[in-house]
Amino acid sequence: MDQRPSIVLTEADANIATHDYAVPIPVSSWTKDDTKQYTSVFGQLFLADLFTKPEKLPDFKLLTVQQRVFKALFQYFDPIITAGQDFRSDPAWELYERLENSLYPWLKPNWSNAFHINNNTQGRGIVMCIGNDQFKYAVPTLKGIRHGLNSTLPIQVYYIRDDDLSETRRRYLLLEFTDLTIHKAVDSFNDRYTRFGGWSVKSYAMLASSFSEVILMDADVYFFKNPELLFNDPGYKTTGSLFYYDRTLFPGWDDGRKWLESFLPTVSSHALNTRWWTARSAHEQESGVVIMDKRKCLLGLLSTCKMNDKRERDEVTYKHVHGDKETFWIGYEMVQTPYAFVKSYGAVIGGLGDGGNSANVCGNQLHLDIDGDPLWWNGGLLRDKNKWDNRYMMVTHFAEGEDWEFDTSCIKETDKIRTFSNKDKDLGKLYQKYDAQRKKEEKSIEEDTWIPTKSK
């Protein structure tokens, strides 16, 4: 059953101060009159607008309309199907099936239709996409989750195809970590349409997972607090989705707003205030961590997946955004599903003057919780994983600000610099210790002679 939230916020709501909420413009419900209209002679124009496809680039204006009509049909049939009533004899069901097959052909044969997606989902868990290149980041973060933070959340690891994550690395993960399962993404989707590569698999992994409530995290994300706490976030509870802001970078960039204006007929209450729309940053969302209740946000997730489909991402999406990052909130805007951002822009974790001005904090991107305390960072354990193989990042200071020096990853503002607690410093050292252990095991993992820790 669809459990989409109904969002009504006032200035009196306490969590307005900690979150930015996207309250959607309602899409009118499907009615019997709509069914009569589409079967009429004039309805042929409606059908042509829905089902004809452009010869060249995918038309995102058409895609937005298609998904909003699909939403209306999905919500029309949801109570009928939930009540166990006959729905296949309804003339609108044929339209629903045609539209679903046109939009999301990769759902079959794993699911008969979108209503079946959540039938076998339950509980909460972590989803992580790991390939051979991400394995070295994933091992210390998984050890941190299990041993440093003592989280018992089940973990589902997704890889794309057999050559994406070697058999020996899969064996290592299964033997080293409790309550962890490994899944091949192409077993859940029709890869003729998806042709996964890199970032594009992430939203699909969320969709395919057996969890109803999912924490999607990148392999190079490291938590300071037990990730289970995210499910208690008031923004997540209100909307069913929780997003985090990226760094403020490259102000004056207005291509994002122009692109959104080209295909979104209506937008949520939040869209006009984004840095994208106001040309304050070329980056809006950091998708290193995304939290979602699929029972509430299924249509938003399907829309995000569509933006990462093979043709859409290659010919349109990834020409406007850096990978999958913006596809979550924009996908939600296309279908008008509510979402919440924690109200703090990407901060920096590192040390004073570590590769930059001695007065600035320089390092990787940090994300704060609603109390302004360090929650997680992304970019790995090294000071710069693209420059140095063995130089670990300092974990002594963090700073907030919007004036980033891109080349050195330093925040120029000095008025919001804070020192990490001893507990957080120790946790940073623990992640580095886990990484050092992983390096010692690397050769034996490759040669498949590695012996699990508990057997040594």
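**Strands, helices and salt bridges in a predicted model**

Lys225 counts as partly exposed, because its relative accessibility is 26%, where partly exposed lies between buried (under 20% relative accessible area) and exposed (over 50%), with a 1.4 Å probe and protein chains only. This is a predicted model, in which local features need pLDDT of at least 70 and side-chain atom pairs count only at pLDDT 80 or more, while totals for chains, interfaces and linings use all residues. Residues are numbered from 1 along each chain as its sequence is written, and side-chain values use heavy atoms, with hydrogens and water left out. Helices (H or I, at least four residues) and strands (E, at least two) are DSSP runs, numbered from the N terminus.

**Salt bridges**

- A search of the whole structure finds 29 salt bridges, each being a side-chain nitrogen of Lys or Arg within 4 Å of a carboxyl oxygen of Asp or Glu.
- Lys225 forms one of these with Asp369, at 2.5 Å from N to O; Asp369 lies in the loop between strand 11 (361-368) and strand 12 (374-378), and Lys225 in the loop between strand 6 (221-223) and helix 9 (234-239), so the pair ties together parts that are 144 residues apart in sequence.
- Asp369 counts as buried, because its relative accessibility is 13%.
- Arg257 and Glu261 meet in a salt bridge of 3.9 Å, N to O, and because they are four residues apart in helix 10 (residues 255-261), about one helical turn separates them.
- Arg257 is partly exposed at 22% relative accessibility, and Glu261 is partly exposed with a relative accessible area of 45%.
- The side chains of Arg88 and Glu97 also meet in a salt bridge (3.8 Å, N to O), in which Arg88 counts as exposed at 52% and Glu97 as partly exposed at 33%.
- A network of salt bridges links Arg124, Glu213, Asp293 and Arg295.

- Strand 3 (residues 155-159) is largely enclosed by the rest of the structure, because five of its five residues are buried.
- Ile155, Val157 and Tyr159 point one way from strand 3, whereas Gln156 and Tyr158 point the other way.
- Strand 2 (residues 124-129) runs parallel to strand 3 and is joined to it by four bridges, where two strands pair if DSSP finds at least two bridges between them; Val127 has Gln156 as its bridge partner in strand 3.
- From strand 2 the chain passes through helix 5 (residues 135-148) to strand 3 in a right-handed β-α-β crossover, a term that applies if, with the strands pointing away from the viewer, the path from the first strand over the helix to the second runs clockwise.
- Strand 3 also pairs with strand 4 (residues 180-184) in the parallel sense, over five bridges, and in strand 4 the bridge partner of Ile155 is Leu180.
- The chain reaches strand 4 from strand 3 through helix 6 (residues 167-176), and this β-α-β crossover is right-handed.

- The axes of helix 3 (residues 60-82) and helix 13 (residues 327-335) come within 8 Å and cross at roughly 65°; axes are lines fitted to C-alpha atoms, for helices over the stretch in contact, with angles from 0 to 180 degrees between N-to-C directions.
- Glu312, found in helix 12 (residues 310-320), counts as buried at 10% relative accessibility.
- Not counting residues up to four places away in sequence, Glu312 touches residues including Phe60 and Leu63.

Technical notes. Contact = heavy atoms within 4.5 Å.
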